[in-house]
Amino acid sequence: MKILLLEDEYSLRISIEEFLEDVGHDVDGFSDGLEAYDAIFDKNYDILLLDVNVPSLSGFDVLHNMRKENKKIPTIFLTSMVDIDALKEGYKRGCCDYIRKPFDLVELELRIEQAYASFYLDDSKQIDLGCSVMYDMTKSKLTHNGEEIVLRKTEKELLEVLIKNKNAIVSTEMFQDEVWGEYVEPATIRVQLNNLRQKLPENMIQNRRGLGYIIER
């Protein structure tokens, strides 16, 4: 896996690089946000690991600017921040996950594998959502106990965004960008999501108050 690491604490950056390379990954390490941002467009990375508070361009801004350029790569923020508003900001920018410092490197490896698997989902397969619910990404067909659940077009698109970000929180801004492609009222998004949730087993789509929605599997 090709990984970009943005971390301005030298000893931590080297430790992460050495660990990930030892388990078979190819890692490019950066301490400057602008240099990392430029590299994203020079090489094809599978995963981005971004510290938030770094010189030149913050991790938040790296991801925000990247998304504005329609460049989508699964991103995990590495941060010592514990403020819920900071957490919300990261998910709004489109990250897959957060891992708070200090963290165990084995945990980081597991988070990377999960983010990669969730983002680069094989669309040709039936997706098992649990509770005997299956979704065929090719046919856009949802079934429960073998019986088809009829979804409207927007409901299908919302479900596919959740599936492609399975085990990661999807913010209303992400739904807006990927389903509508333009600004819509948050209330409209919530109504459509509630309609979808009513067609599925209870709590399959969970609401993380103030952050967004998630399918955990």
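This dialogue covers helix packing and cysteines in a predicted model.

Reader: How are two packed helices described?

Author: By the angle between their axes and the distance between the axes. Take helix α1 (residues 10–22) and helix α5 (residues 105–119). They pack at an angle of about 60°, and their axes are 11 Å apart. The crossing of α1 and α5 is right-handed.

Reader: Which residues of α1 and α5 meet?

Author: From α1, Ser 15, Ile 16, Phe 19 and Leu 20. From α5, Leu 105, Val 106, Leu 108, Glu 109 and Ile 112. Seven residues of this contact are nonpolar, one is polar and one is charged.

Reader: At what angle do the axes of α6 and α7 cross?

Author: At roughly 125°. Here α6 spans residues 153–164 and α7 spans residues 172–180, and their axes come within 10 Å. Angles over 145 degrees count as roughly antiparallel and 65 to 115 as roughly perpendicular, so α6 is oblique to α7. α6 passes α7 in a right-handed crossing.

Reader: What makes the contact of α6 and α7?

Author: Thr 154, Glu 157, Leu 158, Val 161 and Leu 162 come from α6. Phe 175, Glu 178, Val 179 and Trp 180 come from α7. The contact has six nonpolar residues, one polar and two charged.

Reader: Now the cysteines. How many disulfides are found?

Author: Zero in the whole structure. For Cys 96, the nearest cysteine sulfur is that of Cys 95, 7.1 Å away. A disulfide needs the sulfur atoms within 2.5 Å.

Reader: Is Cys 96 buried or exposed?

Author: Buried, because its relative accessible area is 9% and the cut-off is under 20%. Cys 131 has 53% relative accessibility, so Cys 131 counts as exposed.

Note on methods
Residues are numbered from 1 along each chain as its sequence is written. This is a predicted model: local features need pLDDT of at least 70, side-chain atom pairs count only at pLDDT 80 or more; totals for chains, interfaces and linings use all residues. Side-chain values use heavy atoms; hydrogens and water are left out. Axes are lines fitted to C-alpha atoms, for helices over the stretch in contact, and angles run from 0 to 180 degrees between N-to-C directions. Helices (H or I, at least four residues) and strands (E, at least two) are DSSP runs, numbered from the N terminus. Angles under 35 degrees count as roughly parallel, over 145 as roughly antiparallel, 65 to 115 as roughly perpendicular and the rest as oblique. A crossing is left-handed if the near helix is turned anticlockwise from the far one by less than a right angle, and right-handed if clockwise. Contact means heavy atoms within 4.5 Å. Ala, Val, Leu, Ile, Met, Phe, Trp, Tyr, Cys and Pro count as nonpolar, Asp, Glu, Lys and Arg as charged, and the others, Gly among them, as polar. Buried means under 20% relative accessible area, exposed over 50%, partly exposed in between (1.4 Å probe, protein chains only).
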